[in-house]
Amino acid sequence: MLAEKYGDRIEAAFAKYPDKRSAVMPLLYIAQEEYGWVSPEAIEEVAGLCEMDPTQVKSIAGFYTMYSEKPKGKYWLHVCTDLPCALKGADEFYQELKDYLGVDEGGTTEDGMFTVEHVMCLAACDKAPMLQCNFHYVENLDMEKIKQKIDEWRAAAKKDE
Ligand code: FES
């Protein structure tokens, strides 16, 4: 349950706003971090915490692309393939990454570790190829560097088990 595990973070989010419902987006992030996606149960839980109707919470989760209403891998990789990055090899990098992980666009590796999607500009065009891993930027990539990062992320996931 989010309230037990993330009580401090939830209270800190509530403290920033005049009412609980205004903290719905930070709480959706916490739910996604915990469950890997914004499941129907997570929506109910966030709605309860924010004293909102679950339908309202679902409409917010559905509107913003940074929330996923489908299960994702532990690491959600957003590769920018927009034009400035494409000019620096992002399309080729993205294809090689998918091949390396054995997934198609939007796919998740068999071990449930990585989901890979391409996205529009992330405002780091000068550091292409680049991606976000769970919304943290990883820049100036090539296949050698991303393979190293993938090994690090897998090792970190094992530690969490
Ligand atoms: S085009 Fe890729 S970060 Fe801007």
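**Figure 1. Helices and strands in the whole chain.** Helices (H or I, at least four residues) and strands (E, at least two) are DSSP runs, numbered from the N terminus. This is a predicted model: local features need pLDDT of at least 70, side-chain atom pairs count only at pLDDT 80 or more, and totals for chains, interfaces and linings use all residues. Residue numbers start from 1 along each chain as its sequence is written. The protein contains 8 helices and 4 strands. Start at the N terminus and the elements read α-α-α-α-α-β-α-α-β-β-β-α. Along its principal axes, the C-alpha trace of the protein spans about 45 × 35 × 25 Å.

**Figure 2. The two domains.** Domain 1 covers 2-63 and domain 2 covers 75-160; such bounds come from an automatic or database domain assignment. How far apart do the C-alpha centres of domain 1 and domain 2 lie? The distance is 27 Å.

**Figure 3. Helix α2 against helix α3.** Two packed helices are described by the angle between their axes and the distance between the axes. Here, α2 is residues 7-15 and α3 is residues 24-35. They pack at an angle of about 160°, and their axes are 9 Å apart. (Axes are lines fitted to C-alpha atoms, for helices over the stretch in contact; angles run from 0 to 180 degrees between N-to-C directions.) The helices α2 and α3 are therefore roughly antiparallel to each other. (Under 35 degrees is roughly parallel, over 145 roughly antiparallel, 65 to 115 roughly perpendicular, the rest oblique.) Which residues make the contact? From α2 come R9, I10 and A13; from α3 come P26, L27 and I30. (Contact: C-beta atoms, placed from the backbone, within 7 Å.) By class, this contact of α2 with α3 holds 5 nonpolar residues, 1 charged residue and no polar ones. (Ala, Val, Leu, Ile, Met, Phe, Trp, Tyr, Cys and Pro count as nonpolar; Asp, Glu, Lys and Arg as charged; the others, Gly among them, as polar.)

**Figure 4. Helix α3 against helix α5.** Look next at α5, residues 54-63. It packs with α3 at an angle of about 75°. The axes of α3 and α5 are 11 Å apart. That angle makes α3 roughly perpendicular to α5. On the α3 side, the contact uses V24, M25 and L28. On the α5 side, V57, I60 and A61 take part. This contact of α3 with α5 has 6 nonpolar residues, with no polar and no charged ones.

**Figure 5. Helix α4 against helix α5.** Helix α4 is residues 40-50. Its axis and that of α5 come within 8 Å and cross at roughly 115°. In α4, the meeting residues are I43, E44, V46, A47 and C50. Their counterparts in α5 are P54, V57, K58 and A61. Sorted by class, the contact of α4 with α5 has 7 nonpolar and 2 charged residues, and no polar ones.

Figure 6. H78 has Q132, in β3, as its bridge partner.

Figure 7. Phi of A123 is near 65°, a positive value in a residue other than glycine. P129 is also in the loop between β2 and β3. What kind of peptide bond joins A128 and P129? The bond is cis, and omega is about -10°.

Definitions and conventions
Two residues are in contact if their C-beta atoms, placed from the backbone, lie within 7 Å. Two strands pair if DSSP finds at least two bridges between them.
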